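Me: Can you walk me through this one? I'd like to know what the labels rest on.

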Amino acid sequence: MVTADRVIDARGSFCPGPLMEMIRAIKTAEVGQVVEVLTSDSGSRTDIPKWAEKAGQELVEVVSRDGGDAILVRKVK
Amino acid sequence: MPKRLLVVGSGTAGLMVANLVARALEPKIQHHDVEVTVLGERDDYIYQPGFLYVAFDLMDPRSLVRPVRDLLHPRVRFVQDRAERVDAASNTVVTQGGVNLPYDYLVLATGSRIRPEDVPGLAQEAHWFYTLEGAEKLREALKGLQGGRVAISVGIPHKCPVAPVEFTLMLDAWARNRGLRDALEITYTYPVARAHTIPAVAAFAEAEFERRDIKVETFFNMEAVDTEAHVLHSQEGTDVAYDLLVTVPPHGGDALGGASGLAGAGNWYPTDRQLLQVQGHENIFAVGDTTDLPVSKAGSVAHFESEVVADNLVGLLSEGRRPGHTYAGRAFCFIETGLEEATYISFDFQHPPVVPTPSRSIHFFKQTYNQIHWANLKAVI
């Protein structure tokens, strides 16, 4: 299991809130760091991985946790 | 001792709350049982939805500006100054001019600000229609446009979520009217996976863009502008070259929230989604763009929220009645789809919008609303 360097709790916010939180956090993260976004918005499960692919960042995992989804992305460039 | 309501902000939300309360409690204000004060930085009010029309030279900028005093109920006191800090512990707002304004109830209606400086090169290079000066500058740039590549870029969050779609569709219609369309390449970029955050608007916009030969780049989050090469870079690694760059800059809340220790990230106030109280403060309300609610930052939202907060304040100020009126996420946005047709979306927390077929009559209603707004502000209708 990968431990995130930064966790953002975006539960209760709707699209595009969680995705934008991830985009902002990756922007300011160091290469190699992992950002975790906790979300209760079902759209995030597809939107965030799609964004990671487009942006060339690494999707680490998507797991159900704490009444929502935890989506982890590593900044690779 | 009168009960004191202090409203910080003299935009749409601030004026509506103050006027609705003053109209409902006029006798109590007259008898000095209640006092309503608006604290605002500017002594004029600007109707921001008009900027879109100014950019296309369809509206005289002077028609968008009126003195705040003329729009306020005569029994509302207006203080022109900047709020520097809210001291929630002592129920006081301190102004830049050094005045202490005590309150029993506080309404924060400080709106949102564009932050083009958040994207390197954007402020120097891009045009926008989110300030009056910006809209006038864009109007002049469009007047001189003979052809080339026009790129539209969008930062999130921003106020009036449908405005980038409207601008793009109006630009297309405007260029066709001028016989310029074949000489223009229009590219619309957007930060998420589709052309708009609201799925129904995205589906509508994507179909219209395809029909009108407008290119779309999704997952495009502005990273920086190369001002020499005239290229906009995205965080995702895609580039868009342009001859004219029109942007909707990312927005932030007013610095007051951060300076007062009341606001969270982006200077937005953490707000109860039903009662619109700032979380942890029963006597402080946030209205309009300044909240952190998952609703559009739009004039209509400010309007509907103002009605809820004003109703609750009337009960609190007159009888100490607990707030019972709630906000359900109601929003209404016209969408101009060209120069002579429009559509609209109407929605709330529970009911996502559908986009009706655009028509001339909806466009006409929008033009009419541009005038009705002044009566709305005064809480006359």
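Me: What makes the largest nonpolar core a core, and which residues have the most contacts inside it?

Reply: A nonpolar core is a set of buried Ala, Val, Leu, Ile, Met, Phe, Trp, Tyr and Cys residues joined through C-beta atoms within 7 Å. Buried means 20 or more other C-beta atoms within 10 Å of a residue's own, exposed means 12 or fewer, partly exposed is in between, and C-beta atoms are placed from the backbone. The largest such set has 141 residues, and those with the most contacts inside it include B:Val17, B:Val21 and B:Leu108. Mind that this is a predicted model: local features need pLDDT of at least 70, side-chain atom pairs count only at 80 or more, and totals for chains, interfaces and linings use all residues. Residues are numbered from 1 along each chain as written, with chains lettered from A and ligands numbered from 1 in written order.

Me: What is B:Val21 in contact with, leaving aside neighbours within four places in sequence?

Reply: Contact needs C-beta atoms, placed from the backbone, within 7 Å. On that basis B:Val21 touches B:Leu5, B:Val36, B:Ala310, B:Leu313 and B:Val314.

Me: Why do the buried residues of H6(B) line one face?

Reply: Helices are DSSP runs of H or I, at least four residues, numbered from the N terminus, with strands being E runs of at least two. The buried residues of H6(B) are B:Gly134, B:Ala135, B:Leu138, B:Arg139 and B:Leu142. Down the axis they fall within an arc of 140° (taken from the directions from the helix axis to the C-beta atoms), so they line one face. Turned away from that buried side are the exposed B:Glu133, B:Glu140 and B:Lys143.

Me: What do those buried residues pack against?

Reply: Helix H3 (51-55) and strand S17 (244-248) of chain B.

Terms used. Contact = placed C-beta atoms within 7 Å.
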